[in-house]
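Here is a short walk through one protein chain. Look first at how its parts are divided, then at where they meet.

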Amino acid sequence: MKVKEQLLTLSPYKPGKPIEEVKREFNLDRVVKLASNENPYGSSALVKEAIAAEIENMALYPDGYAAELRAAVAKHVGVEQDQLIFGNGSDEVIQIICRALLSADTNTVMPTPSFPQYKHNAVIEGAEIREVPLRGGDHDLHAMLRAIDENTTIVWVCSPNNPTGTYVKGDELISFMKQVPKHTLIVMDEAYFEYAADQADYPDTVEFLNEYENLIVLRTFSKAYGLASLRIGYGIANESLLQKIEPAREPFNTSRMAQKAAIVALEDQAFIEECKKKNEEGLQQYYAFCDKNGLNYYPSFTNFVLIDFGRQGDEVFQFLLQRGFIVRSGNALGFPTSVRITVGTKEQNEQIIELLQQFVNQAAAKA
């Protein structure tokens, strides 16, 4: 059996270690996962009630058009219903975009390090990949523009960026979009939108859709809304663009439970605001630790922080893993001397910071 040659160069996505596996490996009773940028406060109580009610309909296929969810999201975002496309997480919308627009005679431009699924899907489609290094943790938009040519069908902007947590400011984005040719789709990946949206210079990208027909904005319910296990995300774009890429979407690609949960999650914005407040307080805990120990970090506008320990990220990762905390080593993220830590509850943050202080002290004693 012959598969696409490019698949042989890829590895399946590797998430953080499962909690149960870590418990068994290190004989631990309690393990805290701060590796996948999930909401430590879960989801709204309304979601749990909605899911319980929807269990009765498990034998039924979901609404392939997601009509009820479509209406709710359209109202929440402020767009027409036909300006939305839904996916099994925003990951699937990324896959749909790549399947629709990329081929062996095209190329795609992306920042690096950034979300790896841009490259992963581009490789599968056989497209040329043009990676542009970050500059100081930020997108180098000028260099990205220089990388675009007549064969560039997609340019990716991850804002806030994973794994640095930085975002593209409004005036910079507008200048960039004005210079991107019309044949190139600008994908604004805003998975962490809720955590950054209150910043005065964070752009309201939905407002740009009327002016830029080559723009699509991606958002998700996996992060702030706490619905990661249900896999539900969406794209917002010009109706004519979505009509062209919709055929690449699989039928019934979002479940009944995911659709219902997302609808009621939108209704509880008080929950989102409380999570954002606690998240900011948690970030300050990490900043204080870093400042105390002279460690470099990127100010984050997400629910994670990337900290440079000046040592191999795998070393920090293993130290924490053996003590019951799962984080993400920077070795896999393009920052080999860093680790990315999801902001947890106040107590979780205090506990892991205490361990991090032990690591720093031990490393200093050995120096």
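Domain bounds here come from an automatic or database domain assignment. For this chain, that assignment gives domain 1 (5–42 + 270–365) and domain 2 (45–267). The model is predicted: local features need pLDDT of at least 70, side-chain atom pairs count only at pLDDT 80 or more, and totals for chains, interfaces and linings use all residues. Residues are numbered from 1 along each chain as its sequence is written, and side-chain values use heavy atoms, with hydrogens and water left out.

The centres of domain 1 and domain 2, taken over C-alpha atoms, are 25 Å apart. Their contact (heavy atoms within 4.5 Å) takes 27 residues from domain 1 and 29 residues from domain 2.

The two domains bury about 2,300 Å² between them. Buried area is the accessible area (1.4 Å probe) that two parts lose on being put together, summed over both. Carbon and sulfur atoms hold 65% of it. In domain 1, Ile-272, Lys-276 and Phe-301 lose the most area to domain 2, together 26% of what that side buries.

Which side chains meet in a salt bridge? They are those of Lys-276 and Asp-198, at 2.9 Å, N to O. A salt bridge is a side-chain nitrogen of Lys or Arg within 4 Å of a carboxyl oxygen of Asp or Glu. The count between domain 1 and domain 2 is one salt bridge.
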